Amino acid sequence: QVQLVESGGGLVQAGDSLRLSCAASGRTFSSLSMAWFRQSPGKEREFVAAISWGGSNTLYADSVKGRFTISRDNAKNTVYLQMNSLKPEDTAVYYCAATVGAIRRLRISYEYWGQGTQVTVSS
């Protein structure tokens, strides 16, 4: 079993930056591929970014490419999402997810989920 706890969400203005963190426990973190998803009211949960267990491979949604950066610190059992140039359409609950498999864009590929952290971007 894996426990994931997100933090770092908040209310910011358009153009600001924010860094989300996700702390993992319960399994060897370095064996997990990690991802961030987000969900806005009335919308499906969508893929944002993913990183392989060693950090050498990453995937990004087109909507965040060039603005968001996913990274991980295996010594701290933590994955990060650095979000720059935030837009109002980035407003959502952001979820951390983990899988023992390879990184994927599909929500169904991830076995473990955190409770989410709210990010609100005002215009």
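Which residue does a disulfide join to Cys 22? The partner is Cys 96, with an S to S distance of 2.1 Å; a disulfide here is a pair of cysteine sulfur atoms within 2.5 Å. This is a predicted model, in which local features need pLDDT of at least 70, side-chain atom pairs count only at pLDDT 80 or more, and totals for chains, interfaces and linings use all residues. Residues are numbered from 1 along each chain as its sequence is written, and side-chain values use heavy atoms, with hydrogens and water left out.

**Disulfide**
- The count under the sulfur distance rule is one disulfide.
- The torsion about the S-S bond of Cys 22 and Cys 96 is about -80°, so the disulfide is left-handed.
- The pair links distant parts of the chain, 74 residues apart: Cys 22 is in strand E3 (residues 18-25) and Cys 96 in strand E9 (residues 92-99). Helices (H or I, at least four residues) and strands (E, at least two) are DSSP runs, numbered from the N terminus.
- Cys 22 is buried at 0% relative accessibility, and Cys 96 is buried with a relative accessible area of 0%. Buried means under 20% relative accessible area, exposed over 50%, and partly exposed in between (1.4 Å probe, protein chains only).

- Strand E7 (residues 68-73) has Phe 68, Ile 70 and Arg 72 on a covered face, and Thr 69, Ser 71 and Asp 73 on an uncovered one.
- E7 runs antiparallel to strand E8 (residues 78-83), and six bridges join them; strands pair if DSSP finds at least two bridges between them.
- Thr 69 stands opposite Gln 82 in E8.
- Four residues lie between the two strands of this hairpin, and Asn 77 in the turn has a positive phi of about 55°.

**Nonpolar core**
- The largest nonpolar core has 37 residues; those touching the most other members are Leu 4, Met 34, Trp 36, Val 79, Leu 81, Met 83 and Tyr 94. Such a core is a set of buried Ala, Val, Leu, Ile, Met, Phe, Trp, Tyr and Cys residues joined through side-chain atoms within 4.5 Å.
- At least two residues of this core come from each of E3, strand E4 (33-39), strand E5 (46-51), E7, E8, E9 and strand E11 (117-122).
- Not counting residues up to four places away in sequence, Met 83 touches residues including Leu 20, Phe 68, Tyr 94 and Val 119. Contact means heavy atoms within 4.5 Å.

**Leu 86**
- Leu 86 lies in the loop between E8 and E9 and is buried at 2% relative accessibility.
- Leu 86 and Leu 18 are 68 residues apart in sequence, with C-alpha atoms 8.1 Å apart.
- Leaving aside neighbours within four places in sequence, the contacts of Leu 86 include Val 12, Leu 18, Phe 68 and Val 121.
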